[in-house]
Amino acid sequence: MCQTVPTHLDQYFQLACDTTIEGLRKGTGGPFGATLVRNGEVICAVGNTVLEQTDISGHAEMVAVRQGCKKLDTLDLSDCVMYATCEPCPMCVAVMMWAGIKTCYYASSHRDAAAHGFSDQHLRDYLDGSDKSAFDMIHVTQGREDCQAIWDEFTRLSAKP
Ligand SMILES: [Zn+2]
């Protein structure tokens with residue numbers, strides 16, 4: 001879905017852009033940023049921290065969700081909206097959905113990112129089933145009683161006294 005962001009929301013993109021450019025200049029991360037907003041209040045504006053943290057998952061939206069959860073002391077960000085400088089990759093879409101976020105505005109597209117050497121096409125191809133060659137995911141169904149023991153322990157601990 002494409003749409004123009006109302007002018008009063010420009011500040012959220014601007015914050016994400018400013019933080020991203022600052023990070024680029026410091027060498028802390030790639031050219032991606034995000035602002036997390038709840039009821040008009042900026043919860044955090046962050047840039048990509050992949051280089052600073054040596055963390056492959058340090059995408060801006062991921063960092064924003066982590067900071068948002070910590071700052072608000074909750075795992076539920078369903079009352080928050082994300083503003084991302086670039087179309088989120090599938091990992092970041094997933095983490096936003098895990099956190100309950102229902103809306104993300106983004107500016108640049110994943111094709112813009114790919115044109116600058118940041119392609120997530122392999123993830124998109126894997127997830128839509130068009131190319132499973134990049135990753136083998138193997139369901140082990142025999143002899144894994146140790147894993148079943150986790151469910152047993154979880155059930156025991158979850159049982160009401
Ligand atoms: Zn991402």
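In which handedness of crossing does α3 pass α4? The crossing is left-handed, a term applied if the near helix is turned anticlockwise from the far one by less than a right angle, with right-handed used if clockwise. The model is a predicted one, in which local features need pLDDT of at least 70 and side-chain atom pairs count only at pLDDT 80 or more, while totals for chains, interfaces and linings use all residues. Residues are numbered from 1 along each chain as its sequence is written.

The chain has seven helices and four strands, taken as DSSP runs numbered from the N terminus (helices: H or I, at least four residues; strands: E, at least two). Their order along the sequence is α-β-β-α-α-β-α-β-α-α-α. Along the principal axes, the C-alpha atoms fill a box of roughly 55 × 45 × 35 Å.

Helices α3 (residues 60–72) and α4 (residues 90–98) pack at an angle of about 20 degrees, with their axes 8 Å apart. This makes α3 roughly parallel to α4, the class for angles under 35 degrees. Axes are lines fitted to C-alpha atoms, for helices over the stretch in contact, and angles run from 0 to 180 degrees between N-to-C directions. On the α3 side, E61, M62 and V65 meet M91, C92, V95 and M96 of α4; contact requires C-beta atoms, placed from the backbone, within 7 Å. By class, six residues of this contact are nonpolar, none is polar and one is charged.

Buried residues make up 29% of the 161 residues in the chain, where buried denotes 20 or more other C-beta atoms within 10 Å of the residue's own, exposed 12 or fewer, and partly exposed the range in between. Beyond its neighbours within four places in sequence, Y83 is in contact with Y12, F13, A16, A34, T35, V37 and Y105.

Most residues other than glycine have a negative phi. N39, in the loop between β1 (33–38) and β2 (41–47), has a positive phi near 50 degrees and is exposed, with 8 other C-beta atoms within 10 Å. D73, in the loop between α3 and β3 (80–86), has a positive phi of about 55 degrees and is exposed, with 6 other C-beta atoms within 10 Å.

Conventions. Parallel < 35°, antiparallel > 145°, perpendicular 65-115°, else oblique. Contact = placed C-beta atoms within 7 Å. Nonpolar A, V, L, I, M, F, W, Y, C, P; charged D, E, K, R; others polar.
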